[in-house]
Structures are given as C-alpha cells and as structure tokens.
Amino acid sequence: TIALLRHYQPVFGVVYMPMFNDLTYTDGDDVIVNGTIVTGKLMRRWHADSYVFWRSDAHTLYDLHFTRIMAYGSTATHAAYTARGASVATLVHDAYLWDMAAMAAFMAKQGGVVADMHGDPIDFSRFDLHQKIMGTYIAAHPDVVKRLIPLLHPRERDIRHPAW
C-alpha cells in the first residue's frame, strides 16, 4: 500500500495484492483496477446480499447490526474492494496512515468519504503521521455512512479471550 498526501490531503493511493496480481490505484480522477476504470462503482445503498468489510475481531469492540461482515485480514484489501464496488463499506479501527490515506484517495475519486463515528470526514492534519490513526472510521458513500453509524454500538467493555 502506498499513499501520497499533499498538504495533508490524500491525492494518490495504490494497493497491490501480489498473491492475486491485483492492482488498484488512482490516476487523475479515476480509480483503476488491473487496467480497467472502475470510477462510479462505489455502492450508494445496500441490498439484502450486501456486506461490509471489517477486521475479524471487530465484534470484540462493537456490536454491529449488519447481517453480512467479511474480513480479508487487510485494511488495504478492504479499501480496494470497497472502492471497486465489491462491498458497501469498509470499517476501520486503529489503522496505519498508508492504509487510511490510500483508502481516502480511493473514496475521494469515487464520491465517497472516510468518516469518523460522527460522520465527519477524516482530517489527516490532526494526526501524528508517524503513529497509528486511532479510532473507528467508515469508508463508503456519504449516504451509506449516515445509515451505518446508528448500527454501530461500542461495547461497554472489550470482549477479550482469556489467552489475549
């Protein structure tokens, strides 16, 4: 994953998944997947078979009232697949700058946002860019973000397995 920020604004993002020889990147106003422009594919609403991407242990932090959740184990992969319209949203908790910035670049080109739990777009100037970006964020079309926020309920206490 590579991202370029100019004045704290993501202007370029690329995610390469070598195992699948799968490349997603921004170029000008477009998002391109393996040479095919996918701009305009970001989902604006969900259907009965729609799913969101989130990390596999998300249930320990939140109760998400959404029927289908998938995890590929990579924030970057989640972002790339959401940008191409494979999922309705990517939810992120405590992620690295390069993943968040690439995701924000993809969303910007697709008419989407990366927003916090209040629906406010991420502001990279607020963060120490050498540290993880802490908190929970949703990458999706703004209409999807508005609908998802009420479905996320933080747990009073994190659920932890005794071995953790």
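**Entry 1: terms and model**

Two strands pair if DSSP finds at least two bridges between them. Helices (H or I, at least four residues) and strands (E, at least two) are DSSP runs, numbered from the N terminus. I am working with a predicted model, in which local features need pLDDT of at least 70 and side-chain atom pairs count only at pLDDT 80 or more, while totals for chains, interfaces and linings use all residues. Residues are numbered from 1 along each chain as its sequence is written, and side-chain values use heavy atoms, with hydrogens and water left out.

**Entry 2: the whole chain**

I began with the secondary structure and found three helices and 12 strands in the chain. The radius of gyration (taken over C-alpha atoms) is 15 Å, close to the 15 Å that the globule rule gives for 164 residues, so the chain is as compact as a globular protein of that length. That rule is 2.2 Å times the number of residues to the power 0.38. The C-alpha trace spans about 45 × 40 × 35 Å along its principal axes.

Next I looked up burial, where buried means under 20% relative accessible area, exposed over 50%, and partly exposed in between (1.4 Å probe, protein chains only). Of the 164 residues in the chain, 45% are buried. The chain exposes about 9000 Å², and carbon and sulfur atoms supply 52% of that area. Accessible areas come from the Shrake-Rupley method with a 1.4 Å probe, and for residues only the protein chains shown count as cover.

I also looked up contacts (heavy atoms within 4.5 Å). Among those between residues at least 6 apart in sequence, 64% join residues at least 24 apart.

**Entry 3: the antiparallel sheet**

In what order do the strands of the antiparallel open sheet stand? I read β1-β2-β3-β4-β5, five strands with antiparallel pairing. Its edge strands are β1 (2-6) and β5 (36-37), and each of these pairs on one side only.

Strand β3 (residues 22-27) is joined to β4 (residues 30-33) by four bridges, and the two run antiparallel. Tyr25 has Ile32 in β4 as its bridge partner. Between β3 and β4 the hairpin has two residues, and Gly28 there takes a positive phi near 65°. The next pair, β4 and β5, is antiparallel over two bridges. Ile32 is opposite Ile37 in β5. This pair is also a hairpin with two residues between the strands, and Asn34 in the turn has a positive phi of about 50°.

**Entry 4: the mixed sheet**

I found an open sheet of five strands with mixed pairing, in the order β8-β6-β9-β11-β10. At its edges are β8 (69-70) and β10 (113-115), each with a single partner strand, so one side of each has no neighbour in the sheet.

With β11 (residues 133-140), strand β9 (residues 89-95) pairs antiparallel over five bridges. Val92 has Tyr137 as its bridge partner in β11, and Ala95 has Ile133 there.

Which strands of this sheet does α1 lie across? I listed β6 (52-53), β8, β9 and β11, with α1 running at about 155° to β9. Helix α2 packs on the sheet too, touching β9, β10 and β11, and its direction makes about 25° with that of β11.

**Entry 5: helix α1 and Thr77**

Why can α1 be called largely enclosed by the rest of the structure? I call it so because eight of its nine residues are buried. Among them are His78, Tyr81 and Thr82. Gly85 follows α1 and has a positive phi, near 90°.

I took Thr77, in helix α1, for a closer look. Thr77 is buried, with a relative accessible area of 10%. Leaving aside neighbours within four places in sequence, Thr77 is in contact with Val15, Met17 and Tyr72. The side chains of Thr77 and Ser74 are joined by a polar contact of 3.0 Å. For that term I noted a pair of N or O atoms within 3.5 Å; within protein, one must be able to donate a hydrogen and the other to accept it, and residues adjacent in sequence count only if both atoms are side-chain atoms.

How values were computed
Axes fitted to C-alpha atoms, helices over the stretch in contact; angles between N-to-C directions.
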